[in-house]
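Trainee: I would like to go through this model slowly and learn how to read its parts. Could we begin once the sequence and structure are in view?

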Amino acid sequence: MRTHLLRAARPGGRRSMSTVPLMINNKDVITTTTAPTISPLTNKPVWSFSSASDAHVEEAVQSCQAAFPAWSKTKASHRRDLLLSCADIVARRKTELGGYMHHEIGADEGYQDFILGLTIDGFRDTAGRIAAAVTGTVPESNLPGMRAMVLKRPYGVNVGIAPWNAPYHLGLRSVLFAIAAGNTAILKGSEFTPRCYHAIADIFREAGLPDGVLNLILHAPQDGPRVIDKLVTHEHVKKINFTGSTRVGSIIAMKAGEHLKPVLMELGGKASAVVLEDADLEKAALQCALGAFLNAGQICMSTERVLVHESIAADFEKVLAATIKNVFGTPETTPVLVSASSAYRNRDLVGDAVSKGARPFDILSDVPAGQVETRMQPIVLQGVREDMDLYQTESFGPSTSLFTFKTDAEAISLANNTAYGLSAAVFTKDLNRAFKVAEELESGAVHINSMTVHDEYTLPHGGVKKSGFGRFNGSQGMDEFLYYKTVTWQE
């Protein structure tokens, strides 16, 4: 039952202590101020990265503004071919790019392949959508002698702010649709994955993207509020997208709102997996385990709650425990969190729940977790209540809570009892029943008989409630980065 998603990391990637540069006008920029990148594998610096000043941010925005008129007028076929070249470059540099993920976030080979596969598919899928996405319409006017057409036009300079946990996929996504639609873009990378983010910009550069169409900004952690404020409030920036925590997303949305700028937000989650009494227990257990603990649970769609019908709860618990031990039951497969502080935070959440009466499964007590404090064994808790911090808090770590229910209505009520609504799952052999449950779940996506972690470029992706608004991916994702312009003329 051991899944292909959890293989030991392959060697690869240029593990150098050199400084990761910014990229402005397709030129690498090493700054006088730098910050270290700490590898979770060793809890030691692996390299450093450049930290942008206000002058660098200004230069990046002005560069994008200058490049926009020419880029916005390029043909859809030209942009299509450039993205297809990017996909080929990623495929060719796959080992190198995977190595960066390994050192910066501890990603094993399976997770590297998963994210890089999404990246390649993203370039290719989006390339094929450009021509249709930018095509306008010629609707009929109701007025005598009046003709009309509706054009679709790019906004101008976009800012993409993306997280570290799936750097090539989420980082690329934050600028891919904007660039494909004829916008220029600034990619603000994470301090945890600067070399991965530099690689994204470098792939576009290698493919021949003109100067100024994409610029990369990195910054030291303490400079985040200053840099984001300057980017969001700059007069030339026309739209912002953010993927990350609900707390930070609300701050960015408020700042953008002050300046009447549109935003696209993909924020936190507290995904539930509902296991009905006729479910295939082995399939459900494997998908719940992967959904909860893939990338140490550091995915916004991670399965944070498993809701099981009480009639099968005892049997499911045994299968789930055996599955977790089989997939994550060695020191090498023990989840690695991105930082020691993240591991401490997760242990505190679990500790608070246990101190108030929650009961952890005894699954891996005989397996050494490893010497690095960023490693944390998967934890399944029973008896989690609303007075425990873990009940409503997105843990973003390798823990999940197990609940039981008697009726579908009870399961739906429990799953919806959260401020989030990004992803969910339902396990059953009755497709009609699955669709009825899915319809009632307050979630941007519901996956039947597969894990809550699911994201592909053919399908719109985003949340409801405090999980955000707007959609990436698919035709909807392209539309997010174009505005409609109505032109009329009188005969």
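**Reading the strands and helices**

Trainee: How many bridges join β4 and strand β5 (residues 44-50), which pair in the antiparallel sense?

Mentor: Strands are DSSP runs of E with at least two residues, helices are runs of H or I with at least four, and both are numbered from the N terminus. Two strands pair if DSSP finds at least two bridges between them, and one example here is A35, whose bridge partner in β5 is F49. For β4 and β5 the number of bridges is six.

Trainee: What kind of model is this, and from what number are its residues counted along each chain?

Mentor: This is a predicted model, in which local features need pLDDT of at least 70 and side-chain atom pairs count only at pLDDT 80 or more, while totals for chains, interfaces and linings use all residues. Side-chain values use heavy atoms, with hydrogens and water left out, and residues along each chain, as its sequence is written, are numbered from 1.

Trainee: Which strands stand at the edges of the open sheet of three strands?

Mentor: The order in this sheet is β1-β5-β4, and the pairing is mixed. Each edge strand has a single partner strand, so one side of each is left without a neighbour in the sheet, and these strands are β1 (19-20) and β4 (34-39).

Trainee: At about what angle to β5 does helix α3 (residues 94-105) run?

Mentor: Angles run from 0 to 180 degrees between N-to-C directions, and the axes are lines fitted to C-alpha atoms, for helices over the stretch in contact, where contact means heavy atoms within 4.5 Å. Helix α3 lies across β4 and β5, and its angle to β5 is about 115°.

Trainee: In β17, what is the bridge partner of S272?

Mentor: Strand β12 (residues 271-275) pairs with strand β17 (residues 424-427) in the parallel sense, over four bridges. The partner of S272 in β17 is A424.

Trainee: Which handedness does the unit made by β10, helix α8 (residues 246-258) and β11 have?

Mentor: Strand β10 (residues 237-243) and β11 pair in the parallel sense over four bridges, and I240 has V263 as its bridge partner in β11. With the strands pointing away from the viewer, a crossover is right-handed if the path from the first strand over the helix to the second runs clockwise. The β-α-β unit of β10, α8 and β11 is right-handed.

Trainee: Which residues of strand β11 (residues 263-266) point the opposite way from V263 and M265?

Mentor: In a regular strand the side chains alternate between the two faces of the sheet. All four residues of β11 are buried, which means under 20% relative accessible area with a 1.4 Å probe and protein chains only, while over 50% is exposed and the range in between is partly exposed. V263 and M265 point one way, and the residues pointing the other way are L264 and E266.

Trainee: Is T137 buried, partly exposed or exposed?

Mentor: T137 lies in the loop between α4 (109-133) and β6 (146-154), and, leaving aside neighbours within four places in sequence, T137 is in contact with M149 and V150. Because its relative accessibility is 47%, T137 counts as partly exposed.
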